[in-house]
Amino acid sequence: GKASFTRCECTGYGGGIYFSIQGNAEIQLTGEMEFIDCIGNQGGGISIELQYYIMLVISSSCTFKNCTGSLGGGMYMQSYGIDTDIQITGLLSFDNCSCSYFGGGLWASCSNEGTFQFIGGMNFENCSANQQGGAIYAIIQSGGILTIDWQSKFTQCTAQSGGGIYIQINGAGSQLIIGDGLIFDTCSSQFSGGGLYANMRTGAQLIFEGDCQFQNCSVNSGSGGGMSAYCNNEGSSIRFLGELKFDNCSSTQSGGGAFIGSDDKASIELNKVTCVDCKGRQGAGLNVLANAYFSMSGKAS
């Protein structure tokens, strides 16, 4: 069946639905869900909080349109407990969602060896945040793993930093894994990462397993027109196993296509990189600040 929520409003969690799930449970949501013009402080459309050995599977499509919040204009997800697992196998669509702080479409926090898996694809269009993460704002720590493993597209999303995605990854074993086919189209930010901003610390990892494209992305007064990524501390790494392509991306400072940096024994590994018609004050295609290990194994053009 289908569940539809229109013009629902709350001052707390979940303008349309609030799930607070505690203790050894397995929950499956198989019906299509739709959230239109909904408002909530944490999660304009839906809010999910999980604790302790819980599996939540959302196998249907979810649509969020014109939803707003403070954290997560469309969706808010928080994992507190050990070994929680969220699997979203249906398509998530966010259209014109916004927030006053972080995560215009989606706000997510994954910790304590929990896993979030988005394996049905995501589309974000015209989403915005007043601060960080125009489409997605995510915090991964204490061994948490977040996976985006299907074709996803971010179109005309904006924020102060991380016009499409803003992500912080902290701690050994904490990972963001991005599969094949991610596209950022005409995303922008004020300060850093027109399409994507990522910061890895103390053993955390950012892994691109497939190709990723940045088209017409820009930064108004900072670095990394398409992407800005920085990793600190031994064991932290950024690994691009597929092709990175930057087309007509720009910044007013460093890295019209991308700014990528490492420090304190962290490592950067690039494979194939293509930059076309990118512009910046220095490093119009790529600006690489490598104070530790850096490699480029594929073709750069």
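A nonpolar core is taken here as a set of buried Ala, Val, Leu, Ile, Met, Phe, Trp, Tyr and Cys residues joined through side-chain atoms within 4.5 Å. In this predicted model, the largest such core has 72 residues, and those with the most contacts inside it are Phe 64, Met 75, Phe 118, Phe 124, Phe 214 and Met 227. Apart from it lies another core, of seven residues, which includes Leu 71, Tyr 76, Ile 139 and Tyr 197.

Phe 118, one of the residues with the most contacts inside the largest core, touches Met 77, Ile 88, Leu 92, Leu 106, Leu 146, Thr 147, Ile 148, Asp 149 and Trp 150, when residues up to four places away in sequence are not counted. Ile 148, in strand 18, is also the bridge partner of Phe 118; strand 14 (residues 115–118) and strand 18 (residues 145–148) run parallel and are joined by four bridges.

Both strands belong to an open sheet of ten strands with parallel pairing, in the order 3-6-10-14-18-22-26-30-34-37. Strand 3 (25–29) and strand 37 (293–296) form its edges, each pairing on one side only, and neighbouring strands of the sheet are turned against each other by 5 degrees on average, direction ignored.

Gly 194 is placed in the loop between strand 24 (188–192) and strand 25 (196–201), and it counts as buried because its relative accessibility is 0%. Leaving aside residues up to four places away in sequence, the contacts of Gly 194 are Gly 163, Gly 164, Cys 187, Ser 188, Ser 189, Ser 218, Val 219, Gly 224, Gly 225 and Gly 226. The C-alpha atoms of Gly 194 and Leu 289, which are 95 residues apart along the chain, are separated by 18 Å.

Definitions and conventions: Residues numbered from 1 in each chain as written. Predicted model: local features only at pLDDT ≥ 70, side-chain atom pairs only at ≥ 80, totals over all residues. Heavy atoms only, no water. Helix = DSSP H or I, 4+ residues; strand = E, 2+ residues; numbered from the N terminus. Buried < 20%, exposed > 50% of the residue type's maximum accessible area, 1.4 Å probe, protein only. Contact = heavy atoms within 4.5 Å. Pairing = 2+ DSSP bridges. Axes fitted to C-alpha atoms, helices over the stretch in contact; angles between N-to-C directions.
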